[in-house]
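Colleague: I am new to this structure and would like to know what stands behind each label you use. Please take the labels in turn.

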Amino acid sequence: MIIVMQAGASEREIEAVEEAIRRFGYAPHPIYGVERTVIGAVGDERGKSRLQSLDTLPGVERVIPILKPYKLAGRELRKEKTLIEVAPGAVFGGRAVSVIAGPCSVEGLEAICAAAEAVKAGGARILRGGAYKPRTSPYSFQGLAEEGLQMLATARDRTGLPVATEVMKESLVERVAETADLIQIGTRNMQNFDLLKALGQVRKPVLLKRGLASTIREWLMSVEYVLAAGNPNVILCERGIRTFETATRNTLDLSAISVLKRETHLPVVVDPSHGTGHWAFVEDMAAAAVAAGADGLMIEVHPSPTEAWSDGEQSLTPERFARLMEKVRAVAAAVGREI
Ligand code: PEP
Ligand code: MN
């Protein structure tokens with residue numbers, strides 16, 4: 001339910017409504033607008049009719065149901081776009097299009113620092129690199145784990161770039177959140193609900209990648225788990241879905257950008273590297289994503305892709321990354337954005 005307060009409702013009146021929401025067993029999520037405050041009341045669907053009586057409290061204008069199942073992620077409760085600042089200069093959801101770039105995996109200290117310098121020179125705002133890698137085969141490189149996290153921290157110290165890295169299990173959420181400025185949830189874990197709930201307990205923003213066979217509605221319900229658990233800072237990342245097409249690794253669903261812009265106030269990032277699976281397609285799809293309104297990009301870049309320990313075939317060289325950035329800068333300017 002949305003409790004719409006009257007314009008000029010006092011702080012005490014707002015607090016009294018929040019208190020009543022809690023008494024009914026719901027969680028209040030206030031949104032302070034310029035003109036008026038609205039309070040989302042979310043929780044167990046079964047007893048929601050009790051909330052209707054809140055329209056008798058002083059300062060309340062009306063009580064209206066939220067029709068979409070993603071109560072906090074949806075536009076019904078919050079009309080304006082949410083700005084998420086990962087670090088100064090790395091903001092998602094505003095006029096700027098922020099680029100996250102780096103290798104698929106952290107492979108060593110000097111390698112990650114070289115990659116960081118290269119993507120920084122190209123204009124990336126955040127360094128990416130996996131320390132814990134979800135690999136299809138148990139015989140593939142699984143990531144440098146704790147050591148990899150420490151290398152990312154050193155790369156941040158040396159370059160000043162904030163870092164994004166994946167967490168795969170609940171027991172590591174706190175540890176990864178210590179190092180990561182942006183915590184990635186990979187496609188394979190989009191519906192790992194215990195992991196999503198655990199992310200509600202940390203304050204760092206979350207990059208939630210779309211499940212490889214998930215609908216947009218399922219994806220938004222996963223976002224809702226993180227928001228409902230207490231972390232409001234979620235960025236969605238379209239990374240391609242599984243279809244009958246085999247010419248590309250996945251099918252990059254660019255229409256998801258438009259759908260999400262209508263359905264949610266949260267920022268949307270596109271990952272054309274995993275979306276296509278081949279470096280030659282990455283630049284075009286990055287440009288198309290920005291043209292379609294993406295708030296950010298995630299690009300795999302490796303100083304020497306042929307020697308990469310994972311996803312080399314879809315990684316750009318620093319030179320190709322610099323060329324991509326030039327192109328997307330021009331596209332961004334043409335659609336009223338900047339990079
Ligand atoms: C990655 O970003 O390297 C990754 C494993 O992504 P995804 O979860 O989208 O496959
Ligand atoms: Mn990868």
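**Labels and the values behind them**

Modeller: This is a predicted model. To start with one residue, Asp-311 is found in the loop between E14 and H10.

Colleague: Why does Asp-311 count as buried?

Modeller: The cut-off for buried is under 20% relative accessible area. Asp-311 has 12% relative accessibility, so the residue counts as buried.

Colleague: What is the phi of Asp-311?

Modeller: Phi of Asp-311 is near 55°, a positive value, and the residue is not a glycine.

Colleague: Which other residue has a positive phi of about 55° although it is not a glycine?

Modeller: Ala-145 has such a phi. Ala-145 is placed in helix H3, which covers residues 145-159.

Colleague: Why is Ala-145 called partly exposed?

Modeller: Partly exposed lies between under 20% for buried and over 50% for exposed. The relative accessible area of Ala-145 is 26%, so Ala-145 is partly exposed.

Colleague: What makes a residue a donor of the manganese ion (ligand 2), and which residues are donors?

Modeller: A donor is an N, O or S atom within 2.8 Å of the metal. The protein donors are Cys-104 (SG), His-274 (NE2), Glu-300 (OE) and Asp-311 (OD), and they lie 2.0 to 2.4 Å from the manganese ion (ligand 2), so they meet the cut-off. Along the chain, the donors follow the spacing C-x169-H-x25-E-x10-D. Of these, His-274 in helix H8 (residues 272-276) and Asp-311 in the loop between strand E14 (296-300) and helix H10 (318-334) link distant parts of the chain, 37 residues apart.

Colleague: Is His-274 buried or exposed?

Modeller: His-274 has 8% relative accessibility, and with buried set at under 20%, His-274 therefore counts as buried.

Colleague: Why is Ser-273 called buried?

Modeller: The relative accessible area of Ser-273 is 0%, which means that Ser-273 is buried. Ser-273 has its place in helix H8. Leaving aside neighbours within four places in sequence, Ser-273 is in contact with His-278, Val-282, Met-298, Ile-299, Glu-300 and Gln-314.

Colleague: Where is Leu-77, and why is Leu-77 called buried?

Modeller: Leu-77 is in the loop between strand E4 (60-64) and strand E5 (84-87). Its relative accessible area is 6%, and the cut-off is under 20%, so Leu-77 is buried.

Colleague: Which residues is Leu-77 in contact with?

Modeller: Contact means heavy atoms within 4.5 Å. Leaving aside neighbours within four places in sequence, the contacts of Leu-77 include Ile-2, Ile-31, Val-38 and Ile-39. A separate value concerns Met-1, which is 76 residues apart from Leu-77 along the chain: their C-alpha atoms are separated by 8.8 Å.

Colleague: How do you know that the radius of gyration agrees with a compact globule?

Modeller: With 339 residues, a compact globule would have a radius near 20 Å, and the protein has 21 Å, so the two agree. The C-alpha atoms fill a box of roughly 65 × 45 × 45 Å along the principal axes.

Colleague: What makes up the protein as a whole?

Modeller: The protein has 10 helices and 14 strands. Buried residues make up 55% of the 339 residues. Among contacts between residues at least 6 apart in sequence, 68% join residues at least 24 apart.

Notes: Residues are numbered from 1 along each chain as its sequence is written. Chains are lettered from A and ligands numbered from 1 in the order in which they are written. This is a predicted model: local features need pLDDT of at least 70, side-chain atom pairs count only at pLDDT 80 or more; totals for chains, interfaces and linings use all residues. Side-chain values use heavy atoms; hydrogens and water are left out. Helices (H or I, at least four residues) and strands (E, at least two) are DSSP runs, numbered from the N terminus. The radius of gyration is taken over C-alpha atoms; the globule rule is 2.2 Å times the number of residues to the power 0.38. Buried means under 20% relative accessible area, exposed over 50%, partly exposed in between (1.4 Å probe, protein chains only). Donors are N, O and S atoms within 2.8 Å of the metal (3.2 Å for Na, K and Ca); water is not among the atoms, so sites may look incomplete.
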